[in-house]
Amino acid sequence: MKGPGYEAEGEYTEEGFVVLKGSKARIEVKSSASTTWFAKRRATLLAEETLKEENGFYVFQKDVLFKTPSGASDTVSGTSTNGWLVWKSKDGKTLDELKRKPLVEKSDELLAELDRD
């Protein structure tokens with residue numbers, strides 16, 4: 001995911017979403033988000049030195065697991081986001097297209113088969 005003041009890579013896993021070491025987070029948190037849980041999570045990551053300020057970014061010093069893609073993208077961007085839509089593959093497909101839509105399509109196929117029986 002890339003935007004003004006941030007550039008991060010991540011990976012969706014069974015445990016949640018992992019922001020990879022070396023990813024860059026925006027330093028500023030939008031004023032409307034300054035009291036949110038992810039602002040608090042950023043403060044914890046800074047206190048633990050998992051995030052360190054380097055060259056105008058907060059840089060992840062190790063891989064960090066988040067419960068959800070949105071939790072990861074909110075922490076990186078400093079504002080509220082939909083992680084299913086902002087995390088994208090190198091060819092531009094959203095996480096939603098890669099992970100959730102195939103499950104919905106498979107579910108629809110199974111339901112159609114059950115209806116035929």
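A crossing of two helices is right-handed if the near helix is turned clockwise from the far one by less than a right angle. In this predicted model, the crossing of helix 1 and helix 2 is right-handed.

**Helix 1 and helix 2**
- Helix 1 spans residues 37-47, and its axis lies 9 Å from that of helix 2, at an angle of about 70 degrees.
- Angles of 65 to 115 degrees count as roughly perpendicular, so helix 1 is roughly perpendicular to helix 2.
- On the helix 1 side the contact involves Trp-37, Phe-38, Arg-42 and Leu-45, which meet Gly-71, Asp-74, Thr-75 and Val-76 of helix 2.

**Burial of helix 2**
- Nine of the nine residues of helix 2 (residues 69-77) are buried, so the helix is largely enclosed by the rest of the structure.
- Among the buried residues are Pro-69, Ser-73 and Asp-74.
- Gly-78 follows helix 2 and has a positive phi, near 80 degrees.

**Aromatic pairs**
- Three aromatic pairs are found in a search of the whole structure.
- One of them joins Phe-17 and Trp-87 in a tilted arrangement, 4.5 Å centre to centre with 35 degrees between the planes.
- Phe-17 belongs to strand 4 (residues 17-19) and Trp-87 to the loop between helix 3 (83-86) and helix 4 (95-116), so the pair ties together parts 70 residues apart in sequence.
- Both Phe-17 and Trp-87 are buried.

**Charges over rings**
- Lys-24 places its charged end over the ring of Phe-57, 5.0 Å from the ring centre.
- Arg-41 lies over the face of Phe-66, with 4.4 Å to the ring centre.

Conventions: Residues are numbered from 1 along each chain as its sequence is written. This is a predicted model: local features need pLDDT of at least 70, side-chain atom pairs count only at pLDDT 80 or more; totals for chains, interfaces and linings use all residues. Side-chain values use heavy atoms; hydrogens and water are left out. Rings of Phe, Tyr and Trp (its six-membered ring) pair if their centres lie within 6.5 Å; planes under 30 degrees apart count as stacked, over 60 as edge-to-face and the rest as tilted. Helices (H or I, at least four residues) and strands (E, at least two) are DSSP runs, numbered from the N terminus. Buried means under 20% relative accessible area, exposed over 50%, partly exposed in between (1.4 Å probe, protein chains only). A charge sits over a ring if NZ of Lys or CZ of Arg is within 6 Å of the ring centre and within 35 degrees of the ring normal. Axes are lines fitted to C-alpha atoms, for helices over the stretch in contact, and angles run from 0 to 180 degrees between N-to-C directions. Angles under 35 degrees count as roughly parallel, over 145 as roughly antiparallel, 65 to 115 as roughly perpendicular and the rest as oblique. Contact means heavy atoms within 4.5 Å.
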